[in-house]
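Please open the model in your viewer and keep the selection tool at hand.

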Amino acid sequence: TSSSNKNVIKASHKDLPLVPETLLKKRHDLEALRAKRKAQVMKRTPTKKVFSRSTKRLVVRKPETFLAKAIQARHHNQRFHRVMKKGMQKRASNKPLIATKIVDEDTKEVAQYQKNSVGAKVVFVVRIRDNIGITKKITRILEKLRLNSNLEGVFLKYTPENRKLLHLIEPWVLYGPPTRATV
């Protein structure tokens, strides 16, 4: 019976396809690497974030959030295309707005200052928002104006072209004529 078992084993080996030794070594190395990574993941403390498919948690998002984001994106696109077509309209007029401010309450000294940037040769622009919910068009404009990260500031000539770009990216930046306090 033992000789018949040997013949069956030899016959079953002949039916199997031959695999090159290099592939077998590669498979063995990959299996060892996977086991090592799995062991490292298990050793880590639960407070650290582990970015692997096996440890990702399922995040449940409500349909209301998708709807709100879609509405927000639609409104932003409508605003963007309106400004691209028609320009600034009422919000950015060509008249300088003069406002008054009480400097000293005891002496009731009042100072007047220009509230908008009309007539300024240079404006100081500061980025106030991150890339969350930002479109590629806005990203390109911010990169063109060298405003790549949050709370970054640049001086710009206040030309009609820059004025239109600044109006397009108004939700992401603050701008105005430079003063001693800002510089």
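Begin by selecting Arg146, which sits in the loop between α4 (136-144) and β4, where helices (H or I, at least four residues) and strands (E, at least two) are DSSP runs numbered from the N terminus. This is a predicted model, in which local features need pLDDT of at least 70 and side-chain atom pairs count only at pLDDT 80 or more, while totals for chains, interfaces and linings use all residues. Residues are numbered from 1 along each chain as its sequence is written, and side-chain values use heavy atoms, with hydrogens and water left out.

The phi angle of Arg146 is near 65°, a positive value in a residue other than glycine. With a relative accessible area of 48%, Arg146 is partly exposed; on this scale buried means under 20% relative accessible area, exposed means over 50%, and partly exposed lies in between (1.4 Å probe, protein chains only).

Select Leu151 next, which also belongs to the loop between α4 and β4. Its phi is near 60°, again a positive value in a residue other than glycine, and Leu151 is exposed, with a relative accessible area of 67%.

Now select the strands, three of which form an open antiparallel sheet in the order β4-β3-β5; two strands pair if DSSP finds at least two bridges between them. The edge strands are β4 (153-157) and β5 (173-176), each of which pairs on one side only. From one strand to the next, the twist averages 25°.

Which residue in β5 is the bridge partner of Phe124? It is Gly176, and strand β3 (residues 122-127) pairs with β5 over four bridges in the antiparallel sense.

Axes here are lines fitted to C-alpha atoms, for helices over the stretch in contact (heavy atoms within 4.5 Å), and angles run from 0 to 180 degrees between N-to-C directions.

For the last stop, select Lys25 and Glu21, which form a salt bridge whose closest N and O atoms are 3.9 Å apart; the term requires a side-chain nitrogen of Lys or Arg within 4 Å of a carboxyl oxygen of Asp or Glu. By this rule the count comes to one salt bridge. Because Lys25 and Glu21 are four residues apart in helix α2, they are separated by about one helical turn, and both Lys25 and Glu21 are exposed.
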